Amino acid sequence: MLNFIVIQGNFVSDPVITTTKKKGVSVVNARLACKRDTRRTKRDADFFRVTFWGAQAEYVAKTFKKGDNITVEGRLEETPHTSKDGHTFSIIEIRALHIRPGVTNEMRKLIRDSHHTSEESHTDEDSQEPTASPNSKSA
């Protein structure tokens with residue numbers, strides 16, 4: 001059986017690091033908003049709980065803030081809970097295994113600007129008429 005998921009989304013709030021009570025392991029529990037194809041539904045995003053552990057949690061807490069984009073590769077985990085009134089329920093969340101920063105707004109602007117600059121220089125070269133050098137003879 002395969003349990004693997006890849007999502008790209010934005011942090012809903014600043015990641016906050018905590019430690020486990022027993023072993024003092026670093027953990028960040030975060031929510032990511034992932035954009036949806038809005039033509040098919042009225043909701044424009046899905047929200048997922050993601051858990052980061054250990055050194056990865058420390059990196060996430062130090063590096064990312066609300067609104068930052070991240071790509072997460074991980075697995076789905078179901079955690080059973082019991083409410084105060086005795087009802088049992090499960091929470092499904094993503095356990096992050098691998099992460100990488102997503103495309104930032106600054107990166108999007110650089111890509112867009114370099115694309116426009118590339119088009120302009122290419123267009124300028126194409127639109128120039130070839131010129132004969134003074135030493136060339138025309139037939």
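Start by selecting Glu-93, which counts as buried because its relative accessibility is 13%; buried means under 20% relative accessible area, exposed over 50%, and partly exposed in between, with a 1.4 Å probe and protein chains only. This is a predicted model, in which local features need pLDDT of at least 70 and side-chain atom pairs count only at pLDDT 80 or more, while totals for chains, interfaces and linings use all residues. Residues are numbered from 1 along each chain as its sequence is written, and side-chain values use heavy atoms, with hydrogens and water left out.

**Stop 1**

Helices (H or I, at least four residues) and strands (E, at least two) are DSSP runs, numbered from the N terminus. Arg-49 counts as partly exposed, at 39% relative accessibility.

**Stop 2: Asp-46 and Arg-36**

The structure holds 6 salt bridges. For another of them, select Asp-46 and Arg-36, whose closest N and O atoms are 2.8 Å apart. Asp-46 lies in strand E4 (residues 45-53) and Arg-36 in the loop between strand E3 (26-35) and E4, so this bridge ties together parts that are 10 residues apart in sequence. Asp-46 is buried, with a relative accessible area of 19%, whereas Arg-36 is partly exposed at 31%.

**Stop 3: the strands around E6**

Strands E4 and E6 run parallel and are joined by 2 bridges; two strands pair if DSSP finds at least two bridges between them. Thr-51 stands opposite Arg-95 in E6. How many bridges join strand E5 (residues 69-82) to E6? There are 13, and these two strands run antiparallel. Glu-78 has Ile-92 as its bridge partner in E6. Follow the hairpin of E5 and E6 to the 5 residues between the strands, where Gly-86 takes a positive phi near 95 degrees.

**Stop 4: Arg-75, Glu-77 and Arg-95**

Now select Arg-75 and Glu-77, which form a salt bridge with their closest N and O atoms 3.0 Å apart. Salt bridges that share partners join Arg-75, Glu-77 and Arg-95 into one network. Arg-75 is partly exposed, with a relative accessible area of 30%, and Glu-77 is partly exposed as well, with 24%.

**Stop 5: Glu-73**

Stay in strand E5 and pick Glu-73. Is Glu-73 buried or exposed? Glu-73 is buried, with a relative accessible area of 18%. Not counting residues up to four places away in sequence, Glu-73 touches Phe-4, Ile-5, Val-6, Arg-95, Ala-96, Leu-97, His-98 and Arg-100; contact means heavy atoms within 4.5 Å.

**Stop 6: the nonpolar core**

Colour Ile-7, Phe-11, Leu-32, Val-50, Phe-52, Ile-70 and Val-72, the residues with the most contacts inside the largest nonpolar core, which has 16 residues. A nonpolar core is a set of buried Ala, Val, Leu, Ile, Met, Phe, Trp, Tyr and Cys residues joined through side-chain atoms within 4.5 Å. E1, E3, E4, helix H1 (54-63), E5 and E6 each supply at least two residues of this core. Which element supplies the largest share? That share, 4 residues, comes from E3. Zoom in on Ile-7: leaving aside neighbours within four places in sequence, its contacts include Leu-32, Cys-34, Phe-48 and Ile-94.

**Stop 7: Gln-56**

Move to helix H1 and select Gln-56, which counts as buried at 17% relative accessibility. Gln-56 touches Ala-96, Leu-97, His-98 and Ile-99, not counting residues up to four places away in sequence. The C-alpha atoms of Gln-56 and Val-27 are separated by 8.4 Å, although these residues are 29 apart along the chain.

**Stop 8: a surface patch**

End with Leu-2, in the segment before strand E1 (5-11). Leu-2 counts as exposed, at 79% relative accessibility. Together with Phe-4 and Val-6, Leu-2 forms a nonpolar patch on the surface, with about 350 Å² of accessible area in total. Patches are made of residues with over 30% relative accessible area and no salt bridge, like charges being joined within 9 Å and nonpolar side chains (Val, Leu, Ile, Met, Phe, Trp, Tyr) within 5 Å. Accessible areas come from the Shrake-Rupley method with a 1.4 Å probe; for residues, only the protein chains shown count as cover.

Technical notes: A salt bridge is a side-chain nitrogen of Lys or Arg within 4 Å of a carboxyl oxygen of Asp or Glu.
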